[in-house]
Amino acid sequence: MARIDVNHVRHSYLPNPQKDADFALREVHHTFEDGGAYALLGPSGCGKTTLLNIISGLLHPSHGQLLFNGKDVTNLSTQERNIAQVFQFPVIYDTMTVYDNLAFPLRNRGVPEADVDRKVRETLEMIDLASWARKKARGLTADQKQKISLGRGLVRSDVNAILFDEPLTVIDPHMKWVLRSQLKQLHRRFGYTMVYVTHDQTEALTFADQVVVMYDGGIVQIGTPAELFERPRHTFVGYFIGSPGMNVMPVAIDGKTATLGSQRIELPGAPKASGAVELGIRPEYVRLGREGMAVSISKVEDLGRHKVVRAKLEGRDIAAVIGEDETVPAEPKVRFDPAGINIYADSWRVEMGA
Amino acid sequence: MDKTWNNKAWFLVLPVLVLVAFTAVIPLMTVVNYSVQDTFGNNVFTWAGTEWFEELLSSSRFWEAMVRNLIFSFIILAIEVPLGIFIALNMPKKGWGVPVCLVLMSLPLLIPWNVVGTIWQVFGRNDIGLLGYYLNAIGIDYNYVQDPFDAWVTIIVMDVWHWTSLVVLLCYAGLVSIPDAFYQAAKIDGASRWAVFRYIQLPKMQRVLLIAVLLRFMDSFMIYTEPFVVTGGGPGNSTTFLSIDLVKTALGQFDLGPAAAMSLVYFLIILLLSWVFYTVMTNYDAER
């Protein structure tokens, strides 16, 4: 297990990157603590797989440095870094048995056969495939194959980290849940450093202690699921996390008051914001009732556990979440719960101030 | 809706049946017809029964041609398959090199067979051929017209030049279908170059290799044009393969009966060997 320091890493797939847009990874500077469970969350093309491949050594960064437990590994090969990686599509060695698949990484490293046998049996127990040991790997289901991919990492007890690159994409929904909880369990029992790449917020929020949200080649926020939800540092995090995403609308700020069209909204503080100022509020903090700002309802989606109300406020789309039993009043109005209001200047969050 | 049960749909396959009858079945039956009769021309035929078959199977000329042919096919496969795999492994997987390599590889396959024969016939000549002239110039006694060994070497090199590309292209198709993740996983598992070949590339190429071996075996077992153009079956009978022998009998000597019997035996051998190959390799596949 290891602490992983990513020091000012930039990466471009072009031979001579000039401007920022040439970089797939603009600049990442972050420490993955030993034994932590991290998720890299972001839309396709935001650079999360690039970052993962840089950590595993499949890619060498154009700039920057990588430390494992303080030791510089920037120029070490994948094999020397001793990490495990699980890919989007299950990688198994078709012609081998399940047992031989798991033994493969050990045999490649010249581990004595007695130790191989002991480790493989342990790992088979861990991933729940003990009764399949002698079967050919090609006949297995997708989730079993993915477990073998994972097992090939777990079998080396000294791996520095286990990296996952959207590992559940091809797995059936009900197996996703099972595999995810097994992963959590493995993490709790053995304390591996795990980094999990996904574009699925549910996967990220349920798997990780710390979620790293990436956008356009950079990290926009690192935090616990609750922090990402309550205090998105960037409007992108607001949109991307939560369902529906955060309502963001341009406002003018004057002291403790925000002006949205003809409406005035009282703020809990007086933020110092300049540039393009926006107000963000999650649908969960928008209160629908008989007082406040008048809205016109466009539709109500009943999701079973709660309802999502889509409405227009000052000509802008706004979403509100209301309880399953609540009804929409005849002349609907909304209020913003002050606890849920965030102010953004040029897309970045500013502190509310006193 | 009620379903109507009748056999009218069979009329839909009638056109193809007629076509196959004219192109394959009727000519084959003509050969069967010839093989049991004797003729001295003038369209007069007499019944010969199994005489030609008995004569053929006891003739040393037939068996010698057969052994020659088997040795030839074996050598061809032993060179072209490993060489083809080796070249395919070393071809670029992306960039401008891909189309260049593919075109270069396809070139020999695009040349008509008699032209391939002519190219090598001239290429190997001692007086005007680049290869023959310079081999002799540097002191190697090379003469495919007189020396059976040289004739064999020429024909084998020619076939390798002509057909290795086919194996290369088939293997290459198998190789490029392997996702990058397999190579990345192999790196992470610390696999050696050999292990990557043995456990990732070879299994993925297995199906196309089966096709390559089958095609190359059948083609080389039926080879006619190229050796006919280069050596005409000589010197002596040293490069007389079954098909050359067959044409000599049928057209050279106009022995229609024996030639027809030989065709049938030849046909059955190829059918049998192909079936054996196919069964062995697909069974092997199923077992794994």
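**View 1. The annotated domain of chain B.** UniProt places the feature "domain: ABC transmembrane type-1", from an unreviewed entry, at residues 66-277 of chain B. UniProt positions follow the numbering used here, feature names are shortened, and annotations may be inferred rather than shown by experiment. Across residues 66-277, chain B is 77% helix and 0% strand, and the end C-alpha atoms lie 18 Å apart. Helices (H or I, at least four residues) and strands (E, at least two) are DSSP runs, numbered from the N terminus.

This is a predicted model, in which local features need pLDDT of at least 70, side-chain atom pairs count only at pLDDT 80 or more, and totals for chains, interfaces and linings use all residues. Residues are numbered from 1 along each chain as its sequence is written, while chains are lettered from A and ligands numbered from 1 in the order in which they are written.

**View 2. A cis peptide bond in chain A.** Look for the bond joining A:Ser243 and A:Pro244: it is cis, with omega about -5 degrees. A:Pro244 sits in the loop between α9 (235-240) and β11 (247-250) of chain A. Most peptide bonds are trans.

**View 3. A positive phi at A:Asp128.** Although A:Asp128 is not a glycine, its phi is positive, at about 70 degrees. Most residues other than glycine have a negative phi. You can find A:Asp128 in the loop between α4 (113-126) and α5 (142-154) of chain A.

**View 4. A positive phi at A:Glu314.** Here, too, is a residue other than glycine with a positive phi: for A:Glu314 the value is near 50 degrees. A:Glu314 belongs to the loop between β19 (306-313) and β20 (316-323) of chain A.
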